[in-house]
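This briefing concerns the structure shown below. It sets out the surroundings of selected residues and then the overall architecture.

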Amino acid sequence: NIDIAAETCLHAPWKNINNLIPYIDLFLVDFKVVGDDDLHLELTGQTSTLIQNNLQKLLEAKASIKFRMVMVPGYNDTESNIKATAELLKSIHYDSIELMKYHNIYEDKAKRLGLNHLEDLHITPEQSIEAVERGKKLFQKYGITARNIDLDAEKPQTVFSNRVKKIQQDIRKLDRGLCIEASKLKTKYYR
């Protein structure tokens with residue numbers, strides 16, 4: 001009884017996808033660009049025709065699907081792309097999408113592997129978070145609930161015992177030398 005999920009952009013022969021349907025409990029379908037086939041071709045090197053056809057067939061097969069999108073600042077985070085994605089989701093009776101922030105991890109890996117033909121996007125972590133935040137607001141504007149695990153996760157509240165609170169108060173009352181001494185002792189202990 002192991003649940004199996006498959007992450008896909010659906011750019012594969014339908015025969016391959018169809019053969020997997022009986023074994024997949026959840027398809028995690030990643031959108032790149034929706035509603036602008038020229039941009040999709042420019043960014044991915046492929047048109048979206050196969051993806052659209054496979055999505056329709058997957059829906060007809062009544063497969064369990066969760067939609068996701070990596071928000072790439074300056075590339076697919078435009079209002080027109082988000083609006084087109086929201087309209088697509090509503091047209092197939094879905095009301096939510098998971099937004100993921102862009103990570104530039106591949107850039108260093110590509111350099112190490114000698115894949116110099118790939119362009120560095122020079123996107124900062126702050127730009128990635130801003131794109132997700134903006135995406136969430138725009139999807140909401142168009143009637144789609146957008147989630148992001150980093151932004152939506154509740155930050156756990158640290159609960160300190162009375163003993164720890166007392167130690168904190170005592171440390172705050174003392175000179176900073178105590179903190180430095182404690183730091184030296186901890187460093188010595190962990191070595």
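Aspartate 36 sits in the loop between strand S2 (26-31) and helix H2 (37-44); helices (H or I, at least four residues) and strands (E, at least two) are DSSP runs, numbered from the N terminus. The model is a predicted one, in which local features need pLDDT of at least 70, side-chain atom pairs count only at pLDDT 80 or more, and totals for chains, interfaces and linings use all residues. Residues are numbered from 1 along each chain as its sequence is written, and side-chain values use heavy atoms, with hydrogens and water left out.

**Charged surface**

- Aspartate 36 counts as partly exposed because its relative accessibility is 36%; buried means under 20% relative accessible area, exposed over 50%, and partly exposed in between (1.4 Å probe, protein chains only).
- A patch of negative charge on the surface is formed by Asp36, Asp37, Asp38 and Glu42.
- Patches are made of residues with over 30% relative accessible area and no salt bridge, with like charges joined within 9 Å and nonpolar side chains (Val, Leu, Ile, Met, Phe, Trp, Tyr) within 5 Å.
- A salt bridge is a side-chain nitrogen of Lys or Arg within 4 Å of a carboxyl oxygen of Asp or Glu.
- Lys and Arg count as positive and Asp and Glu as negative, while His and the chain ends are not counted; the place of a charge is taken as NZ of Lys, CZ of Arg, CG of Asp or CD of Glu.

**Overall architecture**

- The chain contains nine helices and five strands, arranged along the sequence in the pattern β-α-β-α-α-β-α-β-α-α-β-α-α-α.
- Of its 191 residues, 30% count as buried.
- Where contacts in the chain link residues at least 6 apart in sequence, 65% join residues at least 24 apart; contact means heavy atoms within 4.5 Å.
- The chain exposes about 13600 Å², of which carbon and sulfur atoms supply 52%; accessible areas come from the Shrake-Rupley method with a 1.4 Å probe, and for residues only the protein chains shown count as cover.

**Buried residues**

- Arginine 68 belongs to strand S3 and counts as buried because its relative accessibility is 9%.
- Neighbours within four places in sequence aside, arginine 68 is in contact with Glu7, Leu28, Val29, Asp30, Phe31, Ile97, Glu98 and Met100.
- Proline 73 occupies the loop between strand S3 (65-71) and helix H4 (79-91), and its relative accessible area of 14% makes it buried.
- With neighbours within four places in sequence left aside, proline 73 is in contact with Tyr102, Ile123, Gln127, Ser128 and Ala131.
- The C-alpha atoms of proline 73 and lysine 101 are 9.1 Å apart, although these residues are separated by 28 residues along the chain.

**Exposed loop residues**

- Lysine 62 is located in the loop between helix H3 (49-60) and S3, and it counts as exposed because its relative accessibility is 73%.
- Lysine 62 has a positive phi of about 60 degrees although it is not a glycine.
- Most residues other than glycine have a negative phi.
- Histidine 93, in the loop between H4 and strand S4 (96-101), has a positive phi near 65 degrees.
- Histidine 93 counts as exposed, at 73% relative accessibility.
- Tyrosine 23 lies in the loop between helix H1 (14-20) and S2; its relative accessible area of 58% makes it exposed.
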